[in-house]
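Hi,

Here is the structure I promised to pass on.

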Amino acid sequence: MDVIKAIKTRRSIRSFKKKTVPISDIKKILELASLSPSGSNTQPWNVHVLYGNSLKKFTQEMVKEFLKNNKKLKLERLNYMKNYRSPYLERRRKVGWDLYNLLGIKKGNFKKTLEFHSKNYSFFDAPIGLIFSIEKDLGWMSWLDYGMFIQNISLVCRSFGLHSCPQAAWGLVYKKANKLLKLNKNFTVHCGMAIGYENEKDTVNNLRTERESIKNFCKFYN
Ligand SMILES: Cc1cc2nc3c(=O)[nH]c(=O)nc-3n(C[C@H](O)[C@H](O)[C@H](O)COP(=O)(O)O)c2cc1C
């Protein structure tokens, strides 16, 4: 698959077929993604690959943790903005409502919203779950390097017929995840990713997101 097709067919997928993914494919994908650039070739990524029984045990614990403690769970860091403002607020609302409309979740239905959010912690039932960890004292550029690595994983997945969903949601449950994965105290959960074959029958995967026209975010200098 050429890179343009991979970019055009990548979408965040939130429902997967039961079909297992050969772990040899995941190894190849990670090897390819590790060719990503990073400042001074520092390669700040660490990947925890969960599948089979480990995935089942981990996700059971994590869904439980989220459902029990979601009201008091707090992020360790500022992921996006403290108080969302325009244009980020409108974009965030649009994708949220588009998703909830597809799912038939009405405004104010906190029970169903929570239920859907909790699916993040089972990796949306994907056969492969990746947790990305990072050394806490690494700076902005290392977090940016990490993003390039994660994007490469999602693109390479396409040439293996796989889809993915990057998940910041894992940052919210970092304490429990750090513990279950026995992370060294200098490390923390950065985010995660669900990987598997798309379940085309589930309407949640009908979500199509929009992008700003380049004329609204690019300036050309001649
Ligand atoms: C770093 C990052 C974190 C994300 N976290 C989540 C998440 O926790 N749960 C989720 O369902 N989608 C998550 N997404 C998916 C975004 O909602 C999605 O990329 C965006 O709406 C654009 O849609 P597309 O990926 O289908 O093009 C995340 C995406 C990125 C890049």
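Below is what turned up on a helix pair and a sheet.

First, the ground rules. This is a predicted model, so I kept local features to pLDDT of at least 70 and side-chain atom pairs to pLDDT 80 or more, while totals for chains, interfaces and linings use all residues. Residue numbers start from 1 along each chain as its sequence is written. Helices (H or I, at least four residues) and strands (E, at least two) are DSSP runs, numbered from the N terminus.

Now the helices. H2 (residues 23–33) and H6 (residues 140–159) have axes that come within 8 Å and cross at roughly 135 degrees. That makes H2 oblique to H6 (under 35 degrees counts as roughly parallel, over 145 as roughly antiparallel, 65 to 115 as roughly perpendicular, and the rest as oblique). Axes are lines fitted to C-alpha atoms, for helices over the stretch in contact, with angles from 0 to 180 degrees between N-to-C directions. On the H2 side, Ile29, Leu32 and Ala33 meet Phe149, Asn152, Ile153, Val156 and Cys157 of H6 (contact: C-beta atoms, placed from the backbone, within 7 Å).

On to the sheet. It is open, with 4 strands in the order E1-E2-E4-E3 and antiparallel pairing (strands pair if DSSP finds at least two bridges between them). E1 (46–50) and E3 (163–167) are at the edges with a single partner strand each, so one side of each has no neighbour in the sheet. From one strand to the next, the twist averages 25 degrees. E2 (residues 128–135) and E4 (residues 187–196) pair in the antiparallel sense over 8 bridges, and Gly129 sits opposite Ala194 in E4.

Cheers

Key: Contact = placed C-beta atoms within 7 Å.
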